[in-house]
Amino acid sequence: MQSVTILCIGKLKEAYLTDGCAEYLKRLGAYCKARVVELPESRLPDQPSPRQIQQALEEEGKELLAKIPAGAWVAALCIEGRQISSPGLAGLIEEAGLQGRSSLVFVIGGSWGLSDEVKRRAQLRLSLSEMTFPHQLARMLLLEQLYRAYSILYHGKYHK
């Protein structure tokens, strides 16, 4: 059984997001060992300088990289990433498994994104849409898409 970890910066603040994420994590349990690991967001002033933002991204990046298991297949969610269909995501998950990758890690940065170092570590840079979503909502969207992908792979009824 594959292990899927979502590494993310920051905690969920809204009950509807917490409830939605919990529901998809529960559903994913039928297909994989899924978990979410939250790491603290770097504190920045209200009007951070580019240097302060870069420093925060680097600090968060080091924390994220330290949590990625050796040999894991990694996808970094970022605005410049590749957009794929739900069946395409299912195919990538299946391909990773066929390559012997039992650990998949999806990384979601904070409101300023991800460090270049984290993006370089990833086998895939993934964009959920051309639209911009709050990083907290992106977590729930990703969990839903992972559930959909596994449902496709296991011929479940969820994906029509």
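Tutor: In helix α3 of this predicted model, the buried residues are Ser86, Leu89, Ala90, Leu92, Ile93 and Ala96. Around the helix axis they cover an arc of only 160°, which puts them on the same side of α3. The partners of that side can be named: the buried residues of α3 pack against β3 (73-82), β4 (103-108), β5 (124-126) and α5 (135-153).

The length of the helix can be checked as well. Helix α3 comprises 13 residues, 86-98, and at 1.5 Å a residue these should span 18 Å; the C-alpha atoms at its ends are 18 Å apart, which agrees.

Both ends deserve attention. At the start of α3, the backbone nitrogen of Gly88 has a side-chain oxygen of Ser85 within 3.0 Å. After α3 comes Gly100, and the phi of Gly100 is positive, near 85°.

Trp73 has a relative accessible area of 7%, and because buried means under 20%, Trp73 counts as buried. Leaving aside residues up to four places away in sequence, Trp73 touches Ala96, Arg101, Ser103, Leu104, Val105, Phe106, Gln123 and Leu124. Ala96 is also one of the buried residues of α3. Trp73 and Tyr150 are 77 residues apart in sequence, and their C-alpha atoms are 16 Å apart in space.

The aromatic rings complete the picture. The model has seven aromatic pairs. One of them joins Tyr24 and Tyr147, whose rings are 6.2 Å apart, centre to centre, with 45° between the planes, a tilted arrangement. Tyr24 belongs to helix α1 (residues 15-28) and Tyr147 to helix α5, so this pair ties together parts that are 123 residues apart in sequence. Tyr24 is buried at 16% relative accessibility, and Tyr147 is buried with a relative accessible area of 12%.

Trp73 takes part in an aromatic pair with Phe106: the ring centres are 5.9 Å apart and the planes lie at 70°, so the pair is edge-to-face. Since Trp73 lies in strand β3 and Phe106 in strand β4, the pair ties together parts that are 33 residues apart in sequence. Phe106 is buried, as is Trp73. The strands that hold this pair, β3 and β4, are among the elements against which the buried residues of α3 pack.

Finally, Tyr24, Tyr31, Tyr147, Tyr150, Tyr154 and Tyr158 form one aromatic cluster.

Notes
Residues are numbered from 1 along each chain as its sequence is written. This is a predicted model: local features need pLDDT of at least 70, side-chain atom pairs count only at pLDDT 80 or more; totals for chains, interfaces and linings use all residues. Side-chain values use heavy atoms; hydrogens and water are left out. Helices (H or I, at least four residues) and strands (E, at least two) are DSSP runs, numbered from the N terminus. The expected span of a helix is 1.5 Å times one less than its number of residues. Buried means under 20% relative accessible area, exposed over 50%, partly exposed in between (1.4 Å probe, protein chains only). The arc is that of the directions from the helix axis to the C-beta atoms. Contact means heavy atoms within 4.5 Å. A polar contact is a pair of N or O atoms within 3.5 Å; within protein, one must be able to donate a hydrogen and the other to accept it, and residues adjacent in sequence count only if both atoms are side-chain atoms. Rings of Phe, Tyr and Trp (its six-membered ring) pair if their centres lie within 6.5 Å; planes under 30 degrees apart count as stacked, over 60 as edge-to-face and the rest as tilted.
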